[in-house]
Amino acid sequence: MRDLLEATDRDLDAMSGGECPEVHMVPSASLVAADSPRLGGLSREHVEVLAQRDIEPVLVHRDTMRVVDGMHRLQAARLRGEKMIPVRFLDGPASEVFIRSVAANVSHGLPLTLKDRKAAAGRILTSHPDLSDRAIARITGLSPKTVSAVRRTSTEDVPRTEVRVGVDGRARPLDAARRREVAVAFLAEHPGATLSEVAASAGVSVSTACEIRQRIRRDEQAPPSPRPGAARETRGCNRTGPAGPPPGDLREQRIETLAKDPSLRFTESGRALLRWLNKRAPDLEAGQQLMAAVPVHCAVAVADLANSYAREWQRFASDLDRALGDMVEH
């Protein structure tokens, strides 16, 4: 599908995909009439004009010998009584012949009418319902809004699909919002899951899984909005921490997950990273135990130091997230 969409953006005579650039002379009687997007048929006046010129090569589907583009030229050659006609062959599945014919007739030659192009869009929607409105618009020379209107009026004829293939050839799910919700729920239950596991569980791309994880981390790290009485509540609350697994347990789970990863276990740099992370965990736990020994008059200075270390860790995590996002995009 990506090759098909890319081919519609290039001049058909210069395509390097399925079409051979060589010109072949074939009997005009061997060619099958095109499945033309022209509802009104051929223009006799245009045929007579072409008959006065040199006949340019006709585009023909090799397997079926069906004309893809050039029925007016074929009729002009026959009008002149020529038995042989120059052709360029197009390879590819027969199901794509009509699309290539529409794209060719839109890009050059006798222009298709608006009615012709709308009818062509309807046919393409029936045969390729997974193509996006923008992709079909590029093929037919219509606006995406017009293609969307054709899709709405053709709901009975157009099969329902769960994805749309855009002009870039990438398939995107229609229920993207629901799949993102599934990914968020999966990450909440499995915070140490890899991006591939998140993507597979929700049916999203790895890049989307990466973006969702980064957004969740940003939300978790955002400071809560201050409210009246918050300081008094903090002093009077239970110091056991919020409900759920203690932070130390989550750290151990994630370190254990990383330790099982072959790319870390079997490389020197990976093992060094694991050793470094393992050394940091006891430091944090020891800090929690020493907190009770901090004198009141030293609390502000110690808190400032802890915040500075936390900011460095936050910067480290953000750099990792950006690097991961860049790698996924590339």
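How many of the seven residues of strand β4 are buried? Six of the seven are, so β4 (residues 84-90) is largely enclosed by the rest of the structure. The model shown here is a predicted one.

**View 1. Four strands form an open sheet of mixed pairing.**
The strand order is β1-β4-β2-β3. Strands β1 and β3 (66-69) stand at the edges. Each of these two has a single partner strand, so one side of each is left without a neighbour in the sheet. Neighbouring strands are turned against each other by 55 degrees on average, direction ignored.

**View 2. Strand β4 pairs with β1 and with β2.**
Follow β4 and look at its two pairings. Strand β1 (residues 24-27) pairs with β4 in the antiparallel sense, over four bridges. Here Val 26 has Ile 85 of β4 as its bridge partner. Strand β2 (residues 58-61) runs parallel to β4, and four bridges join the two. In that pairing, Val 60 has Phe 89 of β4 as its bridge partner. Recall that six of the seven residues of β4 are buried. Buried means under 20% relative accessible area.

**View 3. Strand β2 is joined to β3 by three bridges.**
These two strands run antiparallel.

**View 4. Helix α3 lies across β2, β3 and β4.**
Helix α3 covers residues 71-79 and runs at about 120 degrees to β3. Which residues of α3 are buried? They are Met 71, His 72, Arg 73, Leu 74, Ala 76 and Ala 77. What do these buried residues pack against? They pack against α2 (44-50), β2, β3 and β4. After α3 comes Gly 81, whose phi is positive, near 80 degrees.

**View 5. Helix α4 also lies across β2, β3 and β4.**
Helix α4 covers residues 97-107. Its direction makes an angle of about 40 degrees with β3. For α3, the angle to β3 is about 120 degrees.

**View 6. Helices α4 and α5 pack with their axes 10 Å apart.**
The angle between α4 and α5 (residues 114-127) is about 155 degrees. That makes α4 roughly antiparallel to α5. Angles over 145 degrees count as roughly antiparallel. The crossing of α4 past α5 is left-handed. Which residues of α4 meet α5? They are Phe 98, Ile 99, Val 102 and Val 106.

**View 7. Arg 80 and Glu 82 form a salt bridge.**
The whole structure holds nine salt bridges, and this view shows one of them. The side chains of Arg 80 and Glu 82 meet at 2.7 Å, N to O. Arg 80 counts as partly exposed, at 35% relative accessibility. Glu 82 is partly exposed as well, with a relative accessible area of 27%.

**View 8. A salt bridge joins Asp 133 to Arg 151.**
The closest N and O atoms of this pair are 2.8 Å apart. Asp 133 lies in helix α6 (residues 133-140) and Arg 151 in helix α7 (residues 144-153), so the pair ties together parts that are 18 residues apart in sequence. Are these two residues buried or exposed? Asp 133 is buried, with a relative accessible area of 19%. Arg 151 is buried too, with a relative accessible area of 12%.

**View 9. Arg 180, Glu 211 and Arg 215 are linked in a network of salt bridges.**
Start with the pair Glu 211 and Arg 215. Their side chains meet in a salt bridge of 4.0 Å, N to O. Where do these two residues lie? Both lie in helix α10 (residues 206-221). They are four residues apart, about one turn of the helix. Glu 211 counts as partly exposed, at 29% relative accessibility. Arg 215 also counts as partly exposed, at 30%. Arg 180 is linked with them in the network.

Technical notes: Residues are numbered from 1 along each chain as its sequence is written. This is a predicted model: local features need pLDDT of at least 70, side-chain atom pairs count only at pLDDT 80 or more; totals for chains, interfaces and linings use all residues. Side-chain values use heavy atoms; hydrogens and water are left out. Buried means under 20% relative accessible area, exposed over 50%, partly exposed in between (1.4 Å probe, protein chains only). Two strands pair if DSSP finds at least two bridges between them. Axes are lines fitted to C-alpha atoms, for helices over the stretch in contact, and angles run from 0 to 180 degrees between N-to-C directions. Contact means heavy atoms within 4.5 Å. Angles under 35 degrees count as roughly parallel, over 145 as roughly antiparallel, 65 to 115 as roughly perpendicular and the rest as oblique. A crossing is left-handed if the near helix is turned anticlockwise from the far one by less than a right angle, and right-handed if clockwise.
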